[in-house]
Every structure is written in structure tokens, then in C-alpha cells.
Amino acid sequence: MTNKRIPAMPARRWFGLRPGSPRAERRRRRPHGRAVTAAAIAILAAWAVVAIAAPLLAPHDPLQQAGPYYTPPSSAHWLGTDQLGRDILSRIIYGARLSLPLAVIIVALALLLGGGIGLIAGYLGKWADESLMRLTDLVFAFPPIILAMVVTAAFGPSARNAVLALVLVSWPTYARVVRSAVLSIRGSDFLHASRLLGVGPWRALVRDVLPNSVGPSVVLASLELGNAVLMLASLSFLGLGPRPPAPEWGAMIAAGASDLSKWWVSIVPGIAILTTVLAFNLLGDAVRDWLDPTAARASADRRHRDRRKVGPPPARTQPVTAPEPQAAPLLDIRGLSVALPGPAGPLPVIKNLDLRVDAGEIVGIAGESGSGKSLTALTLLNLLPPGARVNGSIMFQGKELTELDARGWQRVRGSGIAMVFQESAAALHPMLTVGLQLTEHLRAAQGMSKAAARARAVELLDQVRIPQPRRALRAYPHQFSGGMRQRIAIASALACRPRLLIADEPTTALDVTVQAGILALLDELRRDNDLSVLFITHDLGVLSSLTQRAYVFYAGRVMESGGTAEVLTQPAHPYTSALLGARPHGLSTERTLRAIPGAPVVPGQEPPGCPFEPRCAYARDECRTGPPPVEATSTDRTLACVVAPDLAAAR
Amino acid sequence: MTGPHLPAAGPGDLVAAELEPDADATGRPAGGRPAHRLLRFIARKVAITAGLLFGVTILTFLLVQAVPGDPTATNLSETAQKDPSIVAAYRAKWGLDQPLPVQYATYLNNLVHGDLGTSQSTGNPVLHDLGTYIPATMEIAIPAMVLSLLISLGLGMWAATRKDRAADHTIRAGALVGLSTPSFWLAIVVLYVFFFMLDIAPNGGRLSTRYTPPRHVTGMYTVDALLQGRPIAFQDALWHLMLPVLVLTALTVSVLIRFVRSAMLEVLDQQYVRAAYAKGLPRQIVLRRHVLRAGLVQVVTVGGLAFASLLSGTVLIEQIYSWPGIGQYAFSASLNLDLPAIMGVGLFVALVYTVVNLLIDILYGIIDPRIRVS
Amino acid sequence: MTGRSSHRALRPMAALIAAAVVGVVGLSACSGEDSGDNGTNSTLTVDTSFVVKSLDPGAVYEPTGNVVVHALYDTLVTFDGADISKPVPALASAYAASPDGRTFTFTLNPDAKFADGSPVTAADVVFSLDRLKNLKGSAAAIVKDLSFSASDDKTVVVTSTVVNPNVPTILAAPYAGILNSKLAKEHGGQAGTDATSADSLGTYLNENALGSGPYKIESFDVASRIVLTANPNYWGKKPAFGRVVFQNMDVQNQKLTMSKKPTSEIALDLAGDQLSGLPTELQQTSSPSTYYQLRLHADPAISPVTSNHDWAHALQAAIDYQGVAALFGSSGVPAAGIVPTAYAGALPDSEAQKQDLAKATALAAQSGVADQTVKLLYPAITFSGVDLGTIAAKVQSDAAKAGLKIELDPAPIASFLDQRRGGKVAFSFSPQSLDYPSAASIVADLMPGGGAATAAGWTTAKADPATVAAANEVRDALDTEKQVAALQKWQRLMIEHAPYITLAYNAGTVVASSDLSGAQYTAAGWTVDIADIGTK
């Protein structure tokens, strides 16, 4: 446990902390980031040039008196003179020759020492790991200032000893990072494989483990460079750094610290440190963005998560009965386009969408991952990420939702349109009681009293068949199983009596038998509560058993829509056929969506024509000229395919 | 991922209603009855702390022995050092004539009996010295920490909700500059501006010379002055806190903001935040109740450790503001090779470190019910 | 007194680390209560960076402790104000020295009595001085050759195993303060040879003064303040201030406080540059009492460079003495000889050393070792407001002008002292002050056989016979005039022949508010006599 939490805190504890960077931030490189990085590199390069060309640039000898003691900045000494009459500008210029290389040396040595120890600890494991990690604990718990001071006290102040001291305080961070990198691949397959192939442990260490821990340690090292400059300056400030008369920046600050009337002695070296550290820090951030393997891992995780397991279809529920057609639909989407902000400008993700839900109806949306199903749902609640652009019309209960302000949306959400999310575990706040999560919107949106809201919550839990509802109100989400949590989520969504419930793959994370229960419940609630449901799924079995009408999505477009039974039994679009076609008997239990050859289209890289064209067995030249128009083929069916009529004819 | 994995699933488990195995449930194998787990948890913590403290004493002892100098050099006059009988008497008095293992064993024995020894450079029992210097550091560290948490939570959250917009960029740039600023330099600049140029801040120290320090109760002048009903002294002590707290806060905020922002970004990205909005909750409630609460788990960790480092790591600030805190004490002890004092500070810092870690664990439990131990 | 000489030397410097450099101090304490205006007329405020461990005369050695203890305990003899030329009567109304300079007889003043009213007896004196000697603190080294006896109730005989005309001067120091032996014994005081372990009086003395001095302890807080009140039973002239508050204050704050023109307040640690820009109505008294000295090892086995006479003289000629003194601001004085100008026997200012780069360059070339670099060891501290590294860098840069190569080697104070004590250091630099206010005290230390000379490898064989003779002349001079003449002669020879280069003198300064009188800096060892201070 202790291990877990300490790694975030490197040796910088004493001199100022520096966090690692947020995972969320790593996901996307910011466009202006490059300019900032370039500026950082420019600053560092400038300092490097100053360091190298110091003898040419410095107007005076940095070690020799060049004027009276303590003269303020003047034309003779642009930055004034110090306590010995030395030219401060020249000393700052020569100071770059100390700070920059020493920082690099400190980081390099700490990386070598800590990396080596981490490697050994992680690779050997067992007692070696345990004892080495206890040692890092010890160094972390030991006041770094004392460690550094005793080291310099022991051997006297000098550049070498300051470096030594700083390496001694900073190596554990590297040890931890490298160790965890090693641990993460220690159990991995390819290491086992190399063992089986008879590769000795040390060769395996060098060949397999070492390269894998380079990434994180280089990232850490680059982030630590600026810190090393700061730490060195701090030691020098205390008189424990490079020996006088060396023009060390921190020591120069100290020379002016006791008498503020000689401000120039202290102010300027500080600015030198500040710019250097800032540049190093910016550079470190940039290196992390490039190299951090955890960022890559995070996206891999996401990809993995998206590949959902698909279970057998649930037991059939009530036979579907078509409702009476109504005059005005509850929800009427026309020409809806959504673009999300992307690194290279807006990224269209939903294109020209028409969709309708009538009162009391269950409408399904089907399609592969990334086809825009969930984004459609989020658009209906205005929960798209900031910067998203929405065009088109969304009429709900006769109101134009796209014209709403924040307050208006707040009224629609929950009370007009509610949503059940795909992962029940993620949709409930883990740290708030079920009772609070069931009542807070009742109180905030409908102004209910606490008691009334609780009563309603009990009623809701009863409705979704949670046993002992009163007790459940006091419990936290983690105390329930996944199926129970989804019931709670549904209860929460229904709390404010919405007219439309969006269910975004509400059963995907659940066990098959639980799925069936949830689906049955949804259907029942729809009937009892005068509710319409927009049901999002990639599971055609669920689609057929639950919904009355269905929309088939691909790449943000509706490929085909119509009565569910018709669409599934007589698919007109090659894509729908492909979805269904992998199996001989249509609605078989074993069907998966991955059976379609090729990969789904990546947003922003759609082909100019029909998005399905590259994977379509029937594609023709005209498919490549432009997106196919959506055409109504019968009263309640649409189709976006130029080939389909011919195919139907051919059949 | 929020928070660490601690033994989960409390006694009020309601899973029984649906018996299916569930991939998402936090059903990890229960480790015995909860009371036992709690005891084991505490026992483990205590064992780790004791081991750590023991390690600190050995490390300090060895480090100080490695120093070529000798306490007689700094504690006797140059003339007296030339007199072998005086040197011998000094060494006998401080036990320096004993073999190292004996010296160490004596120290440990005294330590176990609550005696940290006597500082050779102040002539006081180390415990007494710590009692004087620690409250002084606390007096600047606690307000700085509280302010830092408030400011960084506010700004960090603001930046997270305005991601990639002007406010976000400004806050992040500010934090980065703060991180890149040498603390001691900032302290000098602030002193120069507020004391030297504007003359609205004191020049350092804990209290103006015309006031008598309040009697030692907590050792924190502001608190003691209030307890003793001395509003003017309180005001003056507060005034003296201003600059060191300002500087420490600025530096700590720079550190915390990044953590807060990234924690909040991660939380804002969570399904349950979207779900909270989807329920029709006003933004204020979502941010305050849902986002802040979840983000706190991560912020608490770094905040706790930042506090631990504030307590042990303010030596530079203390020096510039003439603040007689623990950092100054450690610094002079190191220079004087005052072994008992160095030991005392080392033990104190290690203890703070482990206690803070323990408090973080407890706070996790308060914030996140999933990891409540009992 | 044989070659025992002495030097208060680095001890106060080491102690000052805590204050001046590290600033563990910095408590700005307090005079009156919150109002700040009560009783300022009867309270004297003393601002100083505390360097104090104990108020026990047997253990006191630090600057702050000396000021306080001097106000708590009377000594046999003392110095009057800033005049340190001759000890004057205190507890002893008279004293006589034997012609051989080894035996001193002190006759106690029959009026002298302790704060509890009991008379001061010869037994008290013997007890106190024996205790000092046997406690084996820092000061014990100074009195180790002395033995004390009472020939009757009011007569004390002090005998020295060596010739030492300075015994009265030594016994004027704060550590020679006389305790009430009856009370001391009641509270654990021991004076026997086992006093190091048997005596347990020390901490009691931090709360209660057992002396006969003008003040008593009201409170003692080592970190923030020491408060003294007048001793109502004082047998001498009553002090003007009924209450004295010492407040622990760092130097910067002392400057600030004094700049605001307070009343009845003095500051003890302002030095160098900090003295410039103070309001003119403040009174400053000072006396250069510290000398900054380079020491070169005379043994070629340790260093062929520093033992080379030409090299040493080249360095001597290369140094810009005025420039070094200027580093100390207005209080610095370029060195003439060794003895700081505060003490009798100092060479006149007109003989101040001067830079002569032409001579230095020539000598450097002639030395044949100018191409070799030598390390200059010095303590990495700030002393009297000046970073010693700055002075060392100045020396280095001056030397470079004559082609001499010096590398700076700062060391933590403990390590510096340890190394230099070892006698293997080629080249070192430090500020030095005197153990007691007699210039003769430094002669023995610096001459062959003395500690400094031994550490510098300067043996009798290497030393110039005339210089040795001059040193002996100082030692044997039993009257002041002879001593002064001998000292001056000795110093002139030392400049030529000794392996030391004295750079400059720096002053201790007492800054006092304009309403005060008698607040004079004294080089006697207690900085300022608190009991002398009155209002105008």
C-alpha cells in the first residue's frame, strides 16, 4: 500500500513538488503545444550557446573584480557588480556552464543508480525487491534536506558533492518507476517465452526488460531536469553547492539576500534559473507526450473495452405489438449533423441524421462500435464534449431542443429525456449513497422535500424490484451486483418521470440471465409509465426481441431503417445483410458483428462515397462518387444505398 | 481508476439478491472478519512505521559517523580543543568515548524511554527543542496548506471545466511558472517588494519586537495569543505570517493545481458525471457533489504528501524570513554535527511522513466508501 | 605561562553560525506587553542574535551568555567601560602580583555580598574558580595552570605554574564569576576534580543567579528572550535600568529596529555594511577586535608552495589589504600587524600593509612554485555579516594578479576545525579573536610550540631566532609599556618571518539609541556592560 502512493512524490519533496501529468491530458496533443515546445527548445539552445560561447559573450572575467563592490546596473556593468565588484552579467553567462551540465549529470546518475536498483528489484522480485523497496521507503521518509546537508557536511561543499547529495536523494523515484515498468512486463508472455527458449535471466533482463523500462524512465528524467537545476541552486543558496568563486546562480542569489537594497545581485540570477527550469519543464512535458507508454496503454485499454463481448439473445419477452400511430412524434430528429473538435479541425461524426420516436414506442439503434449510436444519445441530452458542433433540428414534445440554453437543457434532462448508460458500475457515483443519487435530482429539478423524495425513491426501487429498498437507500453502489446497479440506474433515470428513455446498451456488461431480467423490466416499465424508449444496441438479438422499429447506423449515417422485424428478416442494405449474413439462420445466437470483413471507418477518414463501400461486396463505381441519398422505400422504411434496388431485383 | 485497492466490500453487502457472478462487482476475496482485517491493517502500519523509524536512526547514525568532523570541534573553543583532558571530559560527557555500537544502543535505549537526548548545540533536550521549533513551522505550514488546497481546488477545477480555453491555459501556464520558480528567490523578491519597496510587510520573524511572545501553550503564536486574549499580539503574529505563508502557498498551489486539474479532468470524463448531468442536475451540484468528491481522492494523496514536505522542507523559506522552524533547526544541527538533534529531526520527519500516509488512508475511507475498512 | 596561550578564537565563530549564518534565531521578541509603551524608561532592550547555551559561569563561553553572565556575577576584578588597559577592583578591592609573575593575592572588599545578603568570602571565590577549572568546559583551558586558595576569609591567592602577568585579566572574564558557594552546593554544585560528572548545578543556574552582580534572572528562554531585573541587594552602584530584556533578533531586524530610532534600546550584532545608512543620532561605539588571518604551512613535506618563502611573500605583497577591509564596510581596518587595534600593542594604522603587485610578481617568478595551485581551506560560514567565501575569493583574485594560483576549499565549520587541528592543512583562512583581552595571549599560540604554530608546522628550528626572542620578551614583560613595545617589535618581525598573513581587522559594534549613556562596546569579552548603561 505504501508503495502505491509514494511514487508520485519524487525527491523534489523538499524543493517543490512536480506532479506527473494527468492521463486525460496525455490523450491528445494540443495543437499549440508544438509552438510552446519549440520555444522551450529555443530557450535551452540559447542557454547552451551562452554556455559554450561564454568566453566570447562575457564582457568581463567572471572571477575578477571589474569595478567597485556592489554597483547598481549601469552602462559599464549592465547588471551591476556583486559583493566583490565582479560583473554580474559575466557571472550569469558563465553560470550556464555550471547549471546546465550539472543538472544533466545529476539526472543521468540518478537514472543510472535508481534505474539499476529498480531493474534489479523488479526483475529478481522476492526478498531483493522487498528489501530494496524498503530502502526507497527509507530514503523517501528521510528528510532530504538533512541527507543532502550531511553529505555535503561530510565531504565539504563542492560541485561534486552537491551532485552526489542530489543523486542520493533523487534515485528512489527512478527506482520505483523502473521497477513498476519491469513488473508490468515481468509476467508477460514474451518473457516467459524467452525463458522457455532457454534465455538466461540476465540476458533476458538486458534483451527484454531493459528496453521496456527505458520509456518511462526517460520521461521521468526529462521531467526531472528542471528540478535538478532548482535543487542545485537551492543547495548553492545554502552554501552547499559548487565552491566559490564559481558563478553558480543559486549562490549568486544568496550574495544579495542579506541586503535588499542591492536588489540587482539577487533578482537577475533568479530569472536565469526561472527561464532554464521553465524550459526544461516544458521540454519534459513534451517528451512525456511523445514517449509515455502509459498513454499508449490507456488507449489500448479503451480499444479493448470497446470490443464488447456479445452474448446469446435473451429469452423472448412479450410479443411486440405495434402501437397506434400518432399524429406528432415524441421525438423528431431531422438533418442532424454533429462534429467533434479534432486535432485538425472539426471531425464530423454524425451526418444528416433523421430519426423519429413516437410516444409509447421502443425504437432501436443498431450498429458497430463507433457508428455514432452513443453520440446520438449524448446529442439528445446536450452532453457532447465541449467544442462539439451540432446542426439540424431536434424536436422533442414540439420543442426545438437545439435552441435551448443551459437552463432549458437542465429542464429537459431527467424530466423529459432520461438516459441509462451502458456500464452500470460507471454510471453511478461510487462515493455517494444510492439514496442520494436517487433523490438529488428529484429535489433539485422538481423541488421535492427530502421526505417526499425519499418516498419516491423507495417507490422507484420497488418498481425496479430491489429488495429491501429502504436499506438499499443507505447503501453505496459497490455493495450491489452489476444487475442490481443497472436496476438502480434505471430507477434513477425514471425518477423524474421522463417521456423518453434512452437506453445505451444497458445490458452489455451484464451476465446473460441478468440481461434478460433487465430487458423485461424495461419493457414493463415502458408500458406502466407511458414511456418511449430509444434503445441502443449492437446486439441484433436484443434488437429483434425488444424494439418495434430499428435504425441501422454506420459511420454516423443511417443505412437503413424500418420496422424491426422487416429490417432484420428482409435486410435491404448490404451492410445490414452483412451484419446478419454471417450466420445461416439469420437470428442465430452465435452471431457476432465482427464477421464483416475489413474494419469500420475511422471518423475523419471516410471514403468520398458510401462509407461502407470499401467493405461492401457489391460496391460499384457510383458508390464512390458521393454518399448515397437516404430514400424512403415504403411508408416506414428508409434506405441509403444505390445498389440495393438492383440487388433486390436480382434476388 | 480512482483510489487504491484496499480491502473492500463491507458487511452490509447486498449482493445476495442476485446471485449471478458479476464481472464488475468489487467482489474480491474477503480476508477474514472485518475486525480482524482492521487489526491486521493497523498492525502492519505500526510495524512499517517502527521499521522505518528504526531505519532512520541507523541511517542518521551512520551518516553522522561518516562525517570527518567531530562534535568537539564545534562545541569546544579552539583553545580547549588543544587540551586533551578537556576533550576527553567532553567526549565522556556525551558518550562519544564509547564504541559505536554501544553509543547506538544507548541512544536506542533512551529513545524507547522517550528520551531523544540533549542537543549539543543548544544545550536543551531535543524533545524540548522540537517542541519549540515544530509549532513555528506548523504555524506557517498549516495555513499555507489550507489555502493551497482551497485555491488549487478552485483553480484546478475551473481549469478542468474550461479545458483548452483561455482560463485553462492561463492557470496551467501560471502553475508551470510557479513550479519553475526557485522558492528562495521568490521569497526574496516578495520580501523586496512587500517590505523594502511597499513597506507593508514585516522583515521576517514571528512577532514585532515590541510585543512579548504569548506564553507557550501550543507554541503557535497566533493560537496562543488568541487563547490568552491578546488580540493585538494575534494581529501582529498574523501579519508576520503573511509573507512566508504567501510564498509557501504560491509554491504549493503550483504543484497541486496540476494534480487537481488532471484528477478533475479524469473525473469529468467519467460516465457518472455524464449520468449526473443526464439526470437534470444543475451544473453547480454536479461539480460540487459529484466531481469534487471523486477528484478529492487523488488530491488528498498529493496534498498529504505536500503537507509532509512543507513540514520538513521549508528551510529555505524559514531562513529568508528568519523563522525559527524545524528546517532551520535541522540545518544548524547538520552544520554543527549535532547528532541528537539531527536524529530528532529525522525521526520527526519520518513520523510525519508515515502518519500522513496513514491519514491519507483514513481519508480515503471517509471519501470513498468502497475502501472503508470497517 | 608557558606556551599555553589562547585564543577565544573560533569558538565564538562556531557559535555564531547558528545566529549569523543559519539564523535559527530570528525571534523578534518583545519589550513591553501589547501596548508596547509601558515602562520603557525603566526597561532596557538589548537586541542580539542569541548564541547562548547556559547562564552558568562555569560553562558560559558564548557571546550572548557572556553579556548576561557579566551582569549577573561579579568577578574579582573587572574592566571599566571600554578601557581594557588595566583590570580595576570589583569583588577584590586590591590585588598584588609577585615579582616572578606567578602568584597573585586578591583582597576581597568587605562590603561585597551576594544577592541573598550573605557576604562574599574567599571560600566562595575558591569554590567558584575550582569549579570552573574542574568542569572542564571551554574556559577551563584558560585557567588550567592556575590554582586557587584562601589564606583567610577575605584573601584569595592565585598561583600559576607558569609566568603569567595576565592572571588578573583572565579572572575578569565572565566565566570567572563568583557564585554563592553555600547555595551552589545546596543545589548540586561541586568543585572537586570529579565536577564534570558530579556537578548538577548547571540547569538551576539558568533560572537563578547565585551571584553578587547588579542583576538577577527573571526569565530565560534560550530561543527568544532573557529578562533580567536589578538585584535589590546589590552592594555596588545600582544600575540605571531596573529591567533588561535581551531579545533574540537576527541582524536584519536589528538594523530595521534601530533605524526606527527606538528609545532605551541597543543592538549588538550590526557589522560591516549594515552600519551604513543608520540614523545619525544613534550612537555607535566599536573597536576592531577580530583579525582575519591566512595561515601557511611551513613544512615542505605538507606543501612545497606555502612553505616557500618567496611564494609566501609574493602573496603577502599581492593582497589588496584596503580592498579586503572594504569588504567589512566602515568597520573594517586593513591589517598592520597581527594584534587588532582594540588591544594595546597593536601597530599604528600608518604601518598598514599595502599591495605591491610588482614586488609580488617578481617574488612569484622567483619562487619557482608559482605554477602550482594550492588549496585555501576556510569555514563555509558568514561571520560578522560577511561571507568568508567572499574574503577568500578576494584573496584568490588578488593572488592571481601576481600569478599565484589558489583554489578555494570551503569546509563545514566542524570539518574545518577538525582538519586544521590535524596539522596537515597547507593553507587556511579564518577570523580569530582573543581568549581574553590581552594581546599577549596570542603570542604563545602563534609562536613555535603554540597550537597555531604547531598546526602550521612552524617549529623552533624553522623560526627566526630574533622573532622567538621578541616573543619571549612579550611573555616576560611584567609591565604594560614594556609589553606594548615588545609586542610591536614582535609583530614587525612576524610580518617578515612567520607563516601567517593577517588581512584585516573587523570590529564589534554596539549601536545604541540616542537617549542612552554608557552603552559602549568593549573588547573585554562581554561586548557591553549592561549595568553601565543609563539615560542621558
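**Domain contact and salt bridges in a predicted model**

Let me start with chain C, where domain 1 and domain 2 bury about 2,900 Å² between them, 62% of it on carbon and sulfur atoms; buried area here is the accessible area, taken with a 1.4 Å probe, that two parts lose on being put together, summed over both. Residues are numbered from 1 along each chain as its sequence is written, chains are lettered from A and ligands numbered from 1 in the order in which they are written, and side-chain values use heavy atoms, with hydrogens and water left out.

The domain assignment of chain C places residues 3-282 together with 513-535 in domain 1, and residues 287-507 in domain 2; such bounds come from an automatic or database domain assignment. The C-alpha centres of domain 1 and domain 2 of chain C lie 31 Å apart, and the contact takes 36 residues from domain 1 of chain C and 40 residues from domain 2 of chain C, where contact means heavy atoms within 4.5 Å.

What joins the two domains in polar terms? Between domain 1 and domain 2 of chain C there are four residue pairs in polar contact, both residues being at pLDDT 80 or more. A polar contact is a pair of N or O atoms within 3.5 Å; within protein, one must be able to donate a hydrogen and the other to accept it, and residues adjacent in sequence count only if both atoms are side-chain atoms. The count of salt bridges between domain 1 and domain 2 of chain C is zero, a salt bridge being a side-chain nitrogen of Lys or Arg within 4 Å of a carboxyl oxygen of Asp or Glu.

On the side of domain 1 of chain C that touches domain 2 of chain C, the elements that give two or more residues are α1 (10-22) and α5 (167-170) of chain C; helices (H or I, at least four residues) and strands (E, at least two) are DSSP runs, numbered from the N terminus. Of these, α1(C) gives the most, with eight residues. The residues on that side divide into 23 nonpolar, ten polar and three charged, with Ala, Val, Leu, Ile, Met, Phe, Trp, Tyr, Cys and Pro counted as nonpolar, Asp, Glu, Lys and Arg as charged, and the others, Gly among them, as polar.

Turning to salt bridges in general, the count over all chains comes to 43. One of them pairs Arg131(C) with Asp56(C), the closest N and O atoms being 2.7 Å apart. Because Arg131(C) lies in helix α3 (residues 122-135) of chain C and Asp56(C) in the loop between β1 (43-48) and α2 (63-72) of chain C, this pair ties together parts that are 75 residues apart in sequence. Both Arg131(C) and Asp56(C) are buried, where buried means under 20% relative accessible area, exposed over 50%, and partly exposed in between, with a 1.4 Å probe and protein chains only.

Lys261(C) also forms a salt bridge, with Glu281(C), and here the closest N and O atoms are 3.7 Å apart. Lys261(C) sits in the loop between α9 (251-259) and β11 (265-267) of chain C and Glu281(C) in the loop between β11 and β12 (283-296) of chain C, so the pair ties together parts that are 20 residues apart in sequence. Lys261(C) counts as partly exposed because its relative accessibility is 47%, and Glu281(C) is partly exposed as well, with a relative accessible area of 39%.

In chain A, the side chains of Glu613(A) and Arg624(A) meet in a salt bridge of 3.0 Å, N to O. Is Glu613(A) buried or exposed? At 12% relative accessibility Glu613(A) counts as buried, whereas Arg624(A), at 38%, counts as partly exposed. Elsewhere in chain A, Glu130(A), Arg134(A), Asp137(A) and Arg176(A) are linked in a network of salt bridges.

Now a few backbone details. The peptide bond from Pro244(A) to Pro245(A) is cis, with omega near 5°, and Pro245(A) is placed in the loop between α10 (201-237) and α11 (249-257) of chain A. Tyr70(A), although not a glycine, has a positive phi of about 50°, and Tyr70(A) is found in the loop between α4 (54-57) and α5 (88-124) of chain A.

Finally, chain B has 15 helices and zero strands, and buried residues make up 60% of its 374 residues.

Terms used. This is a predicted model: local features need pLDDT of at least 70, side-chain atom pairs count only at pLDDT 80 or more; totals for chains, interfaces and linings use all residues.
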